[in-house]
Amino acid sequence: LTSEHRVDIACARASLPGMAVSVSLLNGDSVSVDLQDATTVGEVRAGVAGVLGCAVSSIKLLPSGEDPADASPGCLSDEQRLEDAAVGRRFLAVKLMLEPSLVELKTESSSEYDEGQTDVYVSSTLLYAGDVVWRQTSHSACHIGGWGGSKHSATLSADKTKLVVISGSVKRDSGVFYGASDKFAPTTEELDVHELVTAKA
């Protein structure tokens, strides 16, 4: 996520380690994070995410002196240990939020016929603010012996937070998915859109 896409930012300051930490949000709300056993930045990140009720991938930790509005803030890595002098004892937690209007799913299909065989290509692409964050393609074909290959479908949830992908082999006689009880039944995968976006940030 670039800085202009950090909408609805919530921040908190925490004093670490070895104590029950008090976290205060910019809106004035206070929450308590018990990080007595935390030894790494990743454990702090997970604790803050649990209290804020969001995915760990949406929380970024910065040294307290960093400005979250900077284009390239110095986010700390999960592997860094709290005892490291470079990490320090005070952190700024930034919660990155998705803007649903910037999430777009495009599915395109094409076919071509050559020497008695029809090839069908399907490509699904998830974009955030015009940038590709996920893509899947599939190819099936119909010839004298019937259908072969695979296909997929991709749909976004109404709130654009989940991407549901169904994929699998096609039936020889029809080119559609096998039934749910068949040996070659399609698989369904539910992907977290926020995690897909932050993974590409």
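Residues are numbered from 1 along each chain as its sequence is written, and side-chain values use heavy atoms, with hydrogens and water left out. In this predicted model, local features need pLDDT of at least 70 and side-chain atom pairs count only at pLDDT 80 or more, while totals for chains, interfaces and linings use all residues.

**Exercise 1. Work out the order of the strands in the open sheet, and find which strands stand at the edges.**

Begin with the terms: strands are DSSP runs (E, at least two residues) numbered from the N terminus, and two strands pair if DSSP finds at least two bridges between them. The open sheet has six strands in the order β6-β7-β8-β9-β10-β11, and the pairing is antiparallel. At the edges stand β6 (103-114) and β11 (187-192), each with a single partner strand, so one side of each has no neighbour in the sheet. Neighbouring strands are turned against each other by 15 degrees on average, direction ignored, where the axes are lines fitted to C-alpha atoms and angles run from 0 to 180 degrees between N-to-C directions.

**Exercise 2. Follow the sheet from strand to strand, and state how many bridges join β6 to β7, β8 to β9, and β9 to β10.**

Start with β6, which is joined to the antiparallel strand β7 (residues 117-128) by 12 bridges; here Leu 105 stands opposite Leu 126 in β7. Next, β8 (residues 131-143) pairs with β9 (residues 146-156) in the antiparallel sense over four bridges, with Ser 140 opposite Gly 149 in β9, and a hairpin of two residues joins these strands. Finally, seven bridges join β9 to β10 (residues 162-169), again antiparallel, and His 152 has Ser 167 in β10 as its bridge partner.

**Exercise 3. Decide whether Leu 163 is buried or exposed, and identify residues in contact with it.**

Leu 163 is found in strand β10, and because its relative accessible area is 0%, Leu 163 is buried. Leaving aside neighbours within four places in sequence, its contacts (heavy atoms within 4.5 Å) include Leu 105, Leu 126, Trp 134, Ala 154 and Leu 191. The C-alpha atoms of Leu 163 and Leu 126 are separated by 8.8 Å, although these residues are 37 residues apart along the chain.

**Exercise 4. Describe the lining of the largest pocket by class, and name the strand that gives its largest share.**

The lining consists of 15 residues, of which Leu 96, Met 97, Leu 98, Thr 161 and His 194 lie nearest the centre of the pocket. By class there are seven nonpolar, three polar and five charged residues, where Asp, Glu, Lys and Arg count as charged. Strand β5 (residues 90-97) contributes the largest share, three residues.

Terms used: 1 Å grid on protein atoms, 1.4 Å probe; cavity = no way out; pocket = protein on both sides within 12 Å on 5 of 7 lines; lining within 4 Å. Buried < 20%, exposed > 50% of the residue type's maximum accessible area, 1.4 Å probe, protein only.
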